[in-house]
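Please study the sequence and the model before reading each solution.

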Amino acid sequence: MNFKSEVEAANSLHADYEKLLAEIGKKIYGQDEIIKKVLISIFSNGHCLLVGVPGLAKTLLVNTISQVLDLKYQRIQFTPDLMPSDIIGTEILNSERKFTFIKGPLFANILLADEINRTPPKTQSALLEAMQEKMVTVNGKNYEIDKPFFVLATQNPIEQEGTYPLPEAQLDRFMFSIYLDYPKLEDEISIVENTTCGKDIVLNKIISGEKISYYQKLIQKVPINRNVLEYAVNLAAKSRPNTEISHPMANEYINWGAGPRASQYLVIGAKTNALLSGKYSPDIEDVKEVAIPILRHRIMKNYKAEAEGISVEDIITELLK
């Protein structure tokens, strides 16, 4: 990238972000905060889990984002009979009687894991190595996945029939867990009006994979004040019950809290949020902006919290005070 300075590059990231919002807004209505969080996870080199009941445009949102990014896109529809080899790929015997590895749909830049909790843990775990190491291992051989690589997964609520809760180890690989709710009335009117009139919406490619990778490295270099860094780490540490700095609510209502990966994501998420907002360094407000979707799937509340009707979001809100 031919930028004269990192400040100019940061300004370019902010401008490209505004273009992305405008382009995605042609198809997605009333989901600005959701779109922002997904884009933060992409520029932070993280994965994103979208949780909501059917019909809230989770898949459409990921499809739309993939259309405005100049990247290789693949979609996997998770089902109860899906096997790990259906995702990763498999070795076959070719005409020369040698084994050749045929890559599966996992080998993409953007992977939509649709209804990820519809498939058993054996297949869910096939994503683990790819999400963390950006490679897969088949019969002792390592196969690199092209960068950038993002998993944008959708999930229906666990309470519905025919679902398998994601293992905690896999949940921790997701930077964000984003909850989608029903749209506001005026937004739903716009949705219905624009999707039932036969209008053909053409989306333009805004950013290439090379530029995204450059922005990811730029975000890593963003300076952060010591007090903001300590606030982010303390926030994650306060969620851990029975430790030196644990919050009273953590001791009373949490079985286990967020690990060090949450601290890392709080810092990198705050940096990204700052640059997308037109700032050059994050403050405590940027940490708070990304705290709930980073922490909500890393905190396990206990039976007392369940009995008293206290949600994970209620606990995180107390931690933020």
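**Exercise 1: The sheet**

The model contains an open sheet of 5 strands in the order 3-6-9-1-10, with parallel pairing. This is a predicted model, in which local features need pLDDT of at least 70 and side-chain atom pairs count only at pLDDT 80 or more, while totals for chains, interfaces and linings use all residues. Residues are numbered from 1 along each chain as its sequence is written, and side-chain values use heavy atoms, leaving out hydrogens and water.

Task: Determine which strands stand at the edges of the sheet.

Solution. Strands are DSSP runs (E, at least two residues) and helices likewise (H or I, at least four), numbered from the N terminus; two strands pair if DSSP finds at least two bridges between them. Strand 3 (73–77) and strand 10 (174–179) each have a single partner strand, so one side of each lacks a neighbour in the sheet.

**Exercise 2: A strand pair**

Task: Describe how strand 1 and strand 9 pair.

Solution. Strand 1 (residues 47–51) and strand 9 (residues 150–155) run in the parallel sense over 4 bridges. Within strand 9, Gln155 is the bridge partner of Val51.

**Exercise 3: One residue**

Task: Locate Ile224 and list its contacts.

Solution. Ile224 belongs to the loop between helix 9 (209–221) and helix 10 (226–238). Leaving aside residues up to four places away in sequence, Ile224 touches Leu229, Val267, Lys271, Ser281 and Pro282, where contact means heavy atoms within 4.5 Å.
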